[in-house]
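Good morning, colleagues. Today I will speak about a ligand site and the nonpolar core of one protein. Please look at the structure as I go through it.

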Amino acid sequence: MNSLHRLLETPVPGDFTATLAHEILNPLSTINLSLEMIISEAKEDDLKIYLDIIRRSTNRINDLVNQIIKNHNGNEAQVANQSIHHLLDEVVEMAQDRILLKNVAVRKEYDPTDYIVALNRLKMKIALTNIVVNAIEAMAPKRGELKVVAMPFAGKYVVQIEDNGCGISEKNLKKIFQTDYTNKPGGLGIGLASTYDILASNNVKVHVESQEGSGTLFFLLFDKSYAPQPGNKPD
Ligand SMILES: Nc1ncnc2c1ncn2[C@@H]1O[C@H](COP(=O)(O)OP(=O)(O)OP(=O)(O)O)[C@@H](O)[C@H]1O
Ligand SMILES: [Mg+2]
């Protein structure tokens, strides 16, 4: 990449309250997208597809709110051993409606060696979904390619989430993890700040490379020290 911009961060844990509120807005925005399409196209056959999307999103909001309530009842520390492949599949599935609406091609490249790691599943799903949703939002309709790579790397495990979207300038790259930084109309600038905190609390390092006009690549490095202890069962 020409004029490659790099950012290497070791996140610091922080507050999670804003994250949860933000995650309620994510599926709501999918509902809005679907409604816009119904209104603009308004063909009978199409109607059912979009209504199904609205229903799925409503269910998702319901699930999230239930999980939030559970966390507030003292079940916060839901750390369990997770397969990274499985986690990534779930994240892509969570973003499926946006992928469909924007006609994005998804390429998964998983090394046959999976990695089982102790993580807070709900939070990690939220963190990775934020990265994937930003990638989808950055790409042009029908021309987007989302690549998800998982592989062992230098005694650890690396996940890469790459898009061929608008990219980020060197100046803005320094701000993407700051609360309230956004360059999107209607954006909150909360997604990546929350992601940063979640990655920190799960001992995952993040590194971002981007080039304006070409795309963005998020590297996530999972530490081996978080591999399961003998006798722990993966869920
Ligand atoms: N893959 C990407 N490609 C291009 N720009 C990106 C990408 N990921 C993040 N950004 C930039 O980082 C900014 C911050 O992202 P963040 O997710 O925190 O907020 P947001 O997407 O603007 O709003 P929201 O809080 O609703 O998600 C975005 O506004 C965008 O400018
Ligand atoms: Mg975002």
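This is a predicted model: local features need pLDDT of at least 70, side-chain atom pairs count only at pLDDT 80 or more; totals for chains, interfaces and linings use all residues.

Let me begin at the ligand. An oxygen atom of ligand 1 lies 2.8 Å from a polar backbone atom of Leu 192. Taken alone, ligand 1 exposes 590 Å², of which the protein buries 93%. Two elements, α5 (121-138) and α7 (191-201), each give two or more residues to the shell around the ligand. The most comes from α5, with three residues.

How many residues surround ligand 1? There are 20, and Thr 182, Asn 183, Lys 184, Ile 190 and Leu 192 are the closest. By class, this shell has nine nonpolar, nine polar and two charged residues.

I turn now to the core. The largest nonpolar core has 42 residues, and those touching the most other members are Met 124, Leu 128, Phe 218, Leu 220 and Phe 222. Elements supplying at least two residues each include α3 (84-94), β4 (116-120), α7 and β8 (215-222). The largest share of this core, nine residues, is from α5.

Leaving aside neighbours within four places in sequence, Phe 218 is in contact with residues including Ile 131, Val 159, Phe 177 and Leu 192.

Notes: Residues are numbered from 1 along each chain as its sequence is written. Chains are lettered from A and ligands numbered from 1 in the order in which they are written. Side-chain values use heavy atoms; hydrogens and water are left out. A residue is near a molecule or strand if one of its heavy atoms lies within 4 Å of it. A polar contact is a pair of N or O atoms within 3.5 Å; within protein, one must be able to donate a hydrogen and the other to accept it, and residues adjacent in sequence count only if both atoms are side-chain atoms. Accessible areas come from the Shrake-Rupley method with a 1.4 Å probe; for residues, only the protein chains shown count as cover. Helices (H or I, at least four residues) and strands (E, at least two) are DSSP runs, numbered from the N terminus. Ala, Val, Leu, Ile, Met, Phe, Trp, Tyr, Cys and Pro count as nonpolar, Asp, Glu, Lys and Arg as charged, and the others, Gly among them, as polar. A nonpolar core is a set of buried Ala, Val, Leu, Ile, Met, Phe, Trp, Tyr and Cys residues joined through side-chain atoms within 4.5 Å. Buried means under 20% relative accessible area, exposed over 50%, partly exposed in between (1.4 Å probe, protein chains only). Contact means heavy atoms within 4.5 Å.
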